[in-house]
Amino acid sequence: MATAITNIGTLVTNDPSLGQGPLGIIENAAVVIDGDRIAWVGSSSKAPPTDNRTDAEGRAAVPGFVDSHSHLVFAGDRTAEFNARMSGRRYTAGGIRTTVAATRAASDDELDATVARHVAEALRQGTTTIETKSGYGLTVEDEARCLRIAARHTDEVTFLGAHIVPPDHADDPAAYVDLVTGPMLDACAPHARWIDVFCERGAFDGDQARAVLTAGAARGLTPRIHANQLGPGPGVQLAVELGAASADHCTYLTEQDVDALAGGSTVATLLPGVEFSTRSPYPDARRLLDAGVTVALSTDCNPGSSFTSSVPFCIAVAVRDMGMTPDEALHAATVGGAAALRRTDVGRVGEGARADLVLLDAPSHVHLAYRPGVPLVSAVWRAGVREV
Ligand SMILES: [Zn+2]
């Protein structure tokens, strides 16, 4: 049974062959959804007859957001840590270790409910594809169960056993890398599509990151990486060398890093919720875009450094503080995220794409940045089902 959404004031397709500019914008548009796919896109006056019709009443429509970086399998709460940071007070207990302890202590049902709640929260804000990671278990059993739980809620599941060296291995990080690349990978690979590592001073160095990513690749997982977030480092160039799908954060980049990204296929995923929530300098999106790098924009939703599930919020910050135009920010949050997940079926509105569509209570997608913090999402279809 097909449904036509007619009288869309401004439709962003992300397909330049369908409309104006890089976003492929069609004015006075209609979209026909058949099953879980988009069957037709064009001018509203030419929409074919369908069983059902929804009148968009001139609202703008955009592809469902693709959030290619989140950490939703966690337990516990870090309000006190955030409050201390924002109040200029020192806060020693805590960080990721707090979340690891709470996650290990939580039941499967508690973790499942937390993932479900945040996926639903993201969906209400227009996110129709979301990647999520393990990384708060850090034992063979806890990492594997976190991935099993994540896989109930999304196909885009990432094994991040190399998030930090857990306190129980603090004396011997090399033994922890052996665990991650050995028994933990054996237990986790069947439940994940991706392998990730936090390559940063204080976490894992370049050699350790290489060992983790190549071991994962040998088990059929595709690499992605947390890199160059807190300072310069080897992560971005390692990502390009290994053909990683994405290098995430990219806040501190050298000329060589930018050149490597521009010359490779690795997407640069920017996560401004982190800099916002830690009062840190933002990555320079303008520099990457001007160099021809494919940029994705995602939330990094996690209970410590970026507890937002809102892609519209990230779009507004990227426009305000990272040198992106409203068009570029929307592109990065849709087709850019899809590229970071190596998906061509999402992040665009065109015949054959998955029917993921967001209607905005606004005449234009530019309002996502122009009206920061305003709940503009008025309807969401995911795989052809109206969810909001
Ligand atoms: Zn992250």
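**Helix contacts in a predicted model**

Colleague: At roughly what angle do the axes of helix 3 (residues 108–124) and helix 4 (residues 140–151) cross?

Modeller: Helices (H or I, at least four residues) and strands (E, at least two) are DSSP runs, numbered from the N terminus. Axes are lines fitted to C-alpha atoms, for helices over the stretch in contact, and angles run from 0 to 180 degrees between N-to-C directions. The axes of helix 3 and helix 4 come within 10 Å and cross at roughly 45°.

Colleague: How are residues numbered, and what pLDDT do local features need in this model?

Modeller: Numbering starts from 1 along each chain, as its sequence is written. Since the model is predicted, totals for chains, interfaces and linings use all residues, side-chain atom pairs count only at pLDDT 80 or more, and local features need pLDDT of at least 70.

Colleague: What is the mean pLDDT of the protein chain?

Modeller: pLDDT is the predictor's confidence in each residue, from 0 to 100. In the protein chain, 99% of residues reach 70 or more, and the mean pLDDT is 97.

Colleague: Are helix 3 and helix 4 roughly parallel or oblique to each other?

Modeller: Angles under 35 degrees count as roughly parallel, over 145 as roughly antiparallel, 65 to 115 as roughly perpendicular and the rest as oblique. The axes of helix 3 and helix 4 cross at roughly 45°. Helix 3 and helix 4 are therefore oblique.

Colleague: How many charged residues has the contact of helix 3 with helix 4?

Modeller: Two residues are in contact if their C-beta atoms, placed from the backbone, lie within 7 Å. Asp108, Leu111, Asp112 and Val115 in helix 3 meet Arg145, Cys146, Ile149 and Ala150 in helix 4. Ala, Val, Leu, Ile, Met, Phe, Trp, Tyr, Cys and Pro count as nonpolar, Asp, Glu, Lys and Arg as charged, and the others, Gly among them, as polar. By class, this contact has 5 nonpolar residues, no polar ones, and charged residues numbering 3.

Colleague: How is helix 5 (residues 173–188) oriented to helix 6 (residues 206–218)?

Modeller: The axes of helix 5 and helix 6 come within 9 Å and cross at roughly 10°. That angle makes the orientation of helix 5 to helix 6 roughly parallel.

Colleague: How many polar residues has the contact of helix 5 with helix 6?

Modeller: Val177, Val180, Thr181 and Leu185 in helix 5 meet Gln208, Ala211, Val212, Ala215 and Gly216 in helix 6. This contact has 6 nonpolar residues and no charged ones, while its polar residues number 3.

Colleague: How many nonpolar residues has the contact of helix 11 with helix 12?

Modeller: Val311, Cys314, Ile315, Ala318 and Val319 in helix 11 meet Pro326, Ala329, Leu330 and Ala333 in helix 12. The contact has no polar and no charged residues, and its nonpolar residues number 9.
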